[in-house]
Amino acid sequence: MPVDQILTEIRDESSLKWPRPLHSSSNLRDKRKYCRFHKDHGHYTEDCRDLKEQIEELIRNGKLQQYVKIGDSSRYSQKGQHGGSRKDEDRPPPRPHIALGEIKTIARGPTTGGSFKSLRKSHQRQVNSVHSLPPLKQRRTNRDMYFSKEDARGIKQPHDDPLIIMTMIEGFNTRRVLVDSGSSADIIYLPVFQQLKLDPKRLCPFESPLVSFSGDKVYPRGMVMLTVTADSYPLQVTNQHNFLVVDSPSSYNVIIGRPTLNCWKVATSTYYLKVKFPTEQGVGEIKGDQVLVRECYQAVLALRENNT
């Protein structure tokens, strides 16, 4: 049954907890989409993550069973009819699950087409050419990138910390740079753009929105090409990359996504909190900073408290 219809039937359920107002700015939300659960615009009721989590919680508490399709649970009774053991008969059916929706990453950056027709055509040509690429000859060198126990030195284990590094951007050592292979765009937040003292005239128009993790749309201020240097001489790479300038609260200064990571030909390890990449002089590497990770986490908590 559609989530929107379930909400209609359970709206008077005493265990249903109605959500808090959305945190994102109302000016950035899609007015064409309305959520009856949040009673606000920005996404459809059918896509509401908070509502789906509430429904699943109610199901786990033994309610709303009429909306659950467990599957072929009759096989448990069939075992009993055909001489199955008492243990099989008493075994409870599998716990029901419902989909909470899609897990979204930052999408629709310039590499996925952006707002320029030429970029779209270029991207389509790249997609079509993938199938015609000849197989690469396997040739191993002493510069192969790999991770060993030595790379774990100084990393507190176990951990589930994100990979946050420091790079040089436009001549400034920039901390709190999140390495995110799930992002199809490279992003720099507006306060950092301003601290770099860059000329606003360098911004190129970019009309297409980014889709945030909550499903809300964020419209960049524009796109700017920046010079980024990774690691130190001689094991370093320096390239120019297109960054989308975003005016949105964040505990990070910059997000490096697939465009830059693929340009660097990096190998990343979240376990070792390190990125490695080939250079003309050997393998360069940047180690993540666990202290910065904890600082970013505290900043996120403080941001959420201020918005509640």
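A residue counts as buried under 20% relative accessible area, as exposed over 50%, and as partly exposed in between, with a 1.4 Å probe and protein chains only. By this rule Tyr 272 is buried, at 17%. The model is predicted: local features need pLDDT of at least 70, side-chain atom pairs count only at pLDDT 80 or more, and totals for chains, interfaces and linings use all residues. Residues are numbered from 1 along each chain as its sequence is written, and side-chain values use heavy atoms, without hydrogens and water.

A search of the whole structure finds 4 aromatic pairs. Rings of Phe, Tyr and Trp (its six-membered ring) pair if their centres lie within 6.5 Å; planes under 30 degrees apart are stacked, over 60 edge-to-face, and the rest tilted. Two of the pairs are listed here.

| Pair | Centre distance | Plane angle | Class |
|---|---|---|---|
| Trp 264 and Phe 277 | 6.0 Å | 50° | tilted |
| Tyr 271 and Tyr 272 | 4.9 Å | 85° | edge-to-face |

Trp 264 is buried at 3% relative accessibility, and Phe 277 is buried at 0%. Tyr 271 is partly exposed, at 47%. Tyr 271 and Tyr 272 form one aromatic cluster with Phe 147.

Lys 276 lies over the face of Tyr 146, 5.8 Å from the ring centre; the criterion is NZ of Lys or CZ of Arg within 6 Å of the ring centre and within 35 degrees of the ring normal. Lys 39 lies over the face of Trp 18, at 5.2 Å.
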